[in-house]
Amino acid sequence: MQNLKISKELFIALLRYFFGNDSDQRSYIEKELKQKLNCMAAHDRYTKKLKDKSLLN
């Protein structure tokens, strides 16, 4: 399993949401995690494309 970096702001929002019962953080957390997931998927597609291209040469 690989490690994943998140911003300090997202980490604090997660702590407030889960341990401080601050439900106002939910929309921010969802937005940030979706953005992170999209970036990870784009990176995976890019590296797969590079790998496939290097196998063809």
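This is a predicted model: local features need pLDDT of at least 70, side-chain atom pairs count only at pLDDT 80 or more; totals for chains, interfaces and linings use all residues.
Residues are numbered from 1 along each chain as its sequence is written, and side-chain values use heavy atoms, with hydrogens and water left out.

**Pocket.** I took a pocket as an open set of points on a 1 Å grid over the protein atoms alone, where a 1.4 Å probe fits, with protein on both sides within 12 Å along at least five of seven lines; lining residues have an atom within 4 Å of a point. I recorded a volume of about 230 Å³ for the largest pocket, volume being the space filled by probe spheres set on the points. I sorted its lining into 3 nonpolar, 3 polar and 2 charged residues, with Leu, Met and Cys among the nonpolar types, Asp and Lys among the charged.

**Salt bridges.** I counted 2 salt bridges (a side-chain nitrogen of Lys or Arg within 4 Å of a carboxyl oxygen of Asp or Glu). Arg26 pairs with Glu30, with the closest N and O atoms 2.9 Å apart. The two lie 4 residues apart in helix H2 (residues 26–56), about one helical turn; a helix here is a DSSP run of H or I, at least four residues. Lys31 meets Glu32 at 3.0 Å, N to O.

**Exposure.** I used relative accessible area (buried under 20%, exposed over 50%, partly exposed in between; 1.4 Å probe, protein chains only). Arg26 is partly exposed at 45%, as is Glu30 at 34%. Lys31 is partly exposed at 48%, whereas Glu32 is buried at 18%.
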